[in-house]
Amino acid sequence: MALKRNETVEERIYLLRHGETSWNAEGRLQGQTDIPMSEKGVRQIRQLGERLKEQSFHVTQIVCSPLLRARQTAEIIADALGLNGKVRYEELLTERSFGHLEGTIWTPELDFSDPADKVESVESLCGRARAAFLKYRGQKDLLFLAHGAILTAMVSVLTDGRIPYDDKKMFVKQGDVLCWERTAPQETGTIRYWLDDSD
């Protein structure tokens, strides 16, 4: 939902997921395995960068996961938006570790609760998302560029749990940007797909 005309944004954060990889296309759990973007992913992000540039998309800094697919995405977006030199790499935004299940094709029946698989817990993941949010809080028009699971955790953090981690209503899809805005310090803020509202 867009802001009303007389409302002033106190805080705004954008969330962007990296472009597609071959493992995304195959439905495999990537986690912290350092997979590069595919050719399709590079094209996808170049098109996104051009679209954002055409619409005068404004961010002051990109805070990015250090994994290769995110770094590649950041380089393309920074170049399109004239933000070279304004990309900061942040370990807290590294993707959720899926432990021994990384490389496995995802199915709804997969069980992440077996300690032997060494999958990072949702609590740990949301804790990292919260730490990243608090670390950079107060910077308006910030772009967090990372991965599906950690950004889903960030959505939960930004909405104070109103959108829980397992609720996919604000799915962090590739090729679009989520925008979270707050007009007063005490508010939890609103979250929406930026491109859907901007077309």
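This is a predicted model: local features need pLDDT of at least 70, side-chain atom pairs count only at pLDDT 80 or more; totals for chains, interfaces and linings use all residues.
Local features required pLDDT of at least 70 and side-chain atom pairs pLDDT 80 or more, while totals for chains, interfaces and linings use all residues. Residues are numbered from 1 along each chain as its sequence is written, and side-chain values use heavy atoms, without hydrogens and water.

S38 lies in the loop between α1 (22–26) and α2 (39–54). Helices are DSSP runs (H or I, at least four residues), numbered from the N terminus. S38 counts as buried because its relative accessibility is 18%; buried means under 20% relative accessible area, exposed over 50% (1.4 Å probe, protein chains only). Leaving aside residues up to four places away in sequence, S38 touches E20, T21 and S22. Contact means heavy atoms within 4.5 Å.

α2 has 16 residues. From first to last C-alpha it reaches 23 Å, close to the 22 Å expected at 1.5 Å a residue; that span is 1.5 Å times one less than the number of residues. Its buried residues include G41, Q44, I45, L48, G49 and L52. These cover an arc of only 135 degrees around the axis, so they sit on the same side of α2. The arc is taken from the directions from helix axis to C-beta atoms. E39, R46, Q47 and E54 are exposed on the face turned away from the buried side. S56 follows α2 and has a positive phi, near 55 degrees.

The axes of α4 (residues 122–136) and α5 (residues 148–158) come within 8 Å and cross at roughly 65 degrees. Axes are lines fitted to C-alpha atoms over the stretch in contact, with angles from 0 to 180 degrees between N-to-C directions. α4 and α5 are therefore roughly perpendicular, a term covering 65 to 115 degrees.

Terms used:
Helices (H or I, at least four residues) and strands (E, at least two) are DSSP runs, numbered from the N terminus. Angles under 35 degrees count as roughly parallel, over 145 as roughly antiparallel, 65 to 115 as roughly perpendicular and the rest as oblique.
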